[in-house]
There are 2 protein chains.
Amino acid sequence: MQNLPAPVKRRIKALKQLQLVTTNIEAKFYEEVHALECAYYKMCAPLYEKRSDIVSGVYEPTDEQCVWESDDEEEGLTNDLKTKANLEDNKEQKKEESENEDIKGIPDFWLTIFKNVETLADMVQEHDEPILKHLYDIKVIFLESNPMGFVLEFHFEPNEYFSNSVLTKEYIMKCTPEKNDPFSFEGPEIYKCKGCVINWKKGKNVTVKTVKKNQKHKSRGSIRTVTKTVQNDSFFNFFNPPVVPEDSEAELDDDTQALLTSDFEIGHYIRERIVPRAVLYYTGEGLEDEDEDYEEEEGDEDDPDEEDEDDEESSPNNAPPGGKQQGTDPNDCKQQ
Amino acid sequence: MQNLPAPVKRRIKALKQLQLVTTNIEAKFYEEVHALECAYYKMCAPLYEKRSDIVSGVYEPTDEQCVWESDDEEEGLTNDLKTKANLEDNKEQKKEESENEDIKGIPDFWLTIFKNVETLADMVQEHDEPILKHLYDIKVIFLESNPMGFVLEFHFEPNEYFSNSVLTKEYIMKCTPEKNDPFSFEGPEIYKCKGCVINWKKGKNVTVKTVKKNQKHKSRGSIRTVTKTVQNDSFFNFFNPPVVPEDSEAELDDDTQALLTSDFEIGHYIRERIVPRAVLYYTGEGLEDEDEDYEEEEGDEDDPDEEDEDDEESSPNNAPPGGKQQGTDPNDCKQQ
């Protein structure tokens with residue numbers, strides 16, 4: 001670049017001015033896409049409502065509503081086997097059937113999803129599981145503009161752990177190219193989030209634990225035991241994220257920044273994939289094939305000691321740099 | 001899944017029926033996003049036109065149009081140094097200046113981009129370079145629907161290689177969930193493309209080469225030399241892609257499929273990144289930071305012989321499965 005003749009350098013600056021105009025138009029485009037997302041979420045909302053009713057057992061779908069072809073063949077087979085078994089043990093089946101009648105909706109629907117999706121599973125501790133059994137719906141409320149963003153609503157049945165019926169997590173996005181670095185703009189970006197206060201019932205707060213510590217008196221030498229309350233690992237810490245300082249210039253320490261990055265990713269993922277396709281994460285069909293996200297690496301064989309037979313399978317990396325190989329939703333946004 | 005009680009299985013089928021409705025609504029959403037893309041491309045078209053005029057030298061930007069702050073400081077420094085040098089060698093500079101006046105537009109603008117972007121650089125052979133020097137614009141023509149798609153137009157100055165002024169590559173997309181696998185739908189997908197005939201001038205076709213072969217007569221034993229024309233590596237093979245059979249059920253062989261996948265990715269990448277941000281690929285600013293696309297791998301340290309000090313830097317992989325870490329344009333689409 002430095003070696004270019006002056007008139008060419010000058011013209012490149014003119015192209016950059018034009019590029020800045022394009023970038024600002026692009027920001028408007030993303031705003032419209034976000035507005036479309038809001039509109040389409042509203043269109044799907046009645047379907048999500050129906051899903052919630054079926055999950056919680058409020059609504060029992062009709063036979064017609066339960067037809068799903070691809071599974072029917074297997075089902076037929078299972079029924080045949082059952083018929084055989086029936087002859088042998090009719091009583092057992094009767095008992096099972098009457099037990100089945102008591103099952104309300106789809107038990108542990110969201111808990112199962114949380115355990116199926118690795119990143120969420122990493123957050124869920126054993127003591128969270130009985131609480132998450134009461135989660136019967138996650139809703140998204142879109143904030144169209146000023147600020148652009150979304151709220152995740154976690155709906156719980158009345159339970160023995162806390163008195164809230166809804167826990168919320170709000171994500172605020174910005175969709176403006178940065179003054180100092182406009183060309184890094186890639187669309188809406190989450191930059192802060194807000195949790196909510198959980199009204200834990202007495203002794204039920206899983207986000208804290210008490211530890212006992214022995215303290216020795218300086219002069220007297222006597223020992224006393226002190227109980228301290230410290231933070232405990234729990235999914236419910238999700239509702240108490242680090243606060244992003246209002247002053248956007250203030251630098252966050254690396255740990256806090258990493259926590260926030262991870263939090264933004266999870267919030268985005270829940271909105272973008274989990275809520276719209278919950279049943280597929282419940283059955284496992286929606287789980288990403290890890291191979292798909294993995295690209296073959298070229299020219300990585302410079303270590304002669306590393307003989308790896310798998311290398312034979314590697315093919316040249318045809319992917320354009322940064323080009324998405326698999327589809328990405330237009331609702332994808334950047335997380336800080 | 002198989003172990004679930006029958007009534008729960010039944011309800012899951014109802015959820016799948018609902019999910020199918022959601023998927024079809026999603027397809028409509030993507031159609032609207034594509035329409036928005038068409039509209040916004042039209043909005044940016046005059047800016048791209050201006051860029052093309054500056055690149056080809058048809059238009060010389062005014063001083064006001066060439067202000068670009070961030071570079072100005074460096075520039076100031078360079079000018080200072082130049083002034084010093086001037087005193088020493090004024091004649092040399094005069095000569096340089098008059099030479100600079102002859103430079104039209106931004107020479108090798110697109111060729112430089114092609115050489116900067118790895119995937120494109122891999123396609124460009126040495127014999128392609130003098131031809132690509134004549135490429136002065138790439139335009140996108142959006143096909144809004146029936147079929148949904150886009151055409152890349154490569155505009156060339158009159159040149160000694162072929163008589164076409166424009167070479168075209170057309171990409172056709174589908175935006176319908178597959179009957180047999182509706183839940184794999186992730187938005188518009190390129191499924192076929194069409195090149196164009198290049199009217200090469202005599203002896204200038206770089207996509208073929210002649211090889212000489214000696215043939216021995218079976219009975220007589222005499223040897224004759226035969227000249228055969230075979231395909232030659234060239235960027236211009238991009239305009240002669242494999243044909244996708246009309247019968248969508250027909251299976252393509254692996255090599256052809258790989259060629260097409262790579263071709264679709266490149267076409268998508270040119271439309272999506274290169275054309276809208278050409279100047280940034282020319283200067284190098286738009287090139288992806290490879291680190292960004294690379295995620296740390298966890299639990300990959302089972303080889304005790306492989307002591308890698310870099311491992312100390314690795315942090316747990318916090319990314320949600322499939323969650324995009326960096327922004328992706330909503331115009332991103334899936335390639336077959």
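Predicted model: local features only at pLDDT ≥ 70, side-chain atom pairs only at ≥ 80, totals over all residues.

**Strands and rings**

Author: B:Leu143 stands opposite B:Gly149 in β2(B). Residues are numbered from 1 along each chain as its sequence is written, chains are lettered from A and ligands numbered from 1 in the order in which they are written, and side-chain values use heavy atoms, with hydrogens and water left out.

Reader: ok, how many bridges join β1 to β2 in chain B?

Author: Eight bridges join β1(B), residues 135–143, to β2(B), and the two run antiparallel; strands count as paired if DSSP finds at least two bridges between them, and the strands themselves are DSSP runs of E with at least two residues, as helices are runs of H or I with at least four, numbered from the N terminus.

Reader: and which residue takes a positive phi in that hairpin?

Author: That is B:Asn146, with a phi near 50°, in a hairpin that has four residues between the strands.

Reader: what about β2 and β3, how do they pair?

Author: β2(B) and β3(B) pair over eight bridges in the antiparallel sense, and B:Val151 stands opposite B:Glu170 in β3(B).

Reader: is β2 in chain B mostly covered or exposed?

Author: Mostly covered, since nine of the nine residues in β2(B), 148–156, are buried, where buried means under 20% relative accessible area, exposed over 50% and partly exposed in between, with a 1.4 Å probe and protein chains only. B:Phe150 and B:Phe154 are among those pointing one way, and B:Glu153 and B:His155 are among those pointing the other way.

Reader: switching to rings, how many aromatic pairs are there over all chains?

Author: There are 50, counting rings of Phe, Tyr and Trp (its six-membered ring) with centres within 6.5 Å, where planes under 30 degrees apart are stacked, over 60 edge-to-face and the rest tilted. A:Phe114 and A:Phe235 make an edge-to-face pair, 5.1 Å centre to centre with 75° between the planes.
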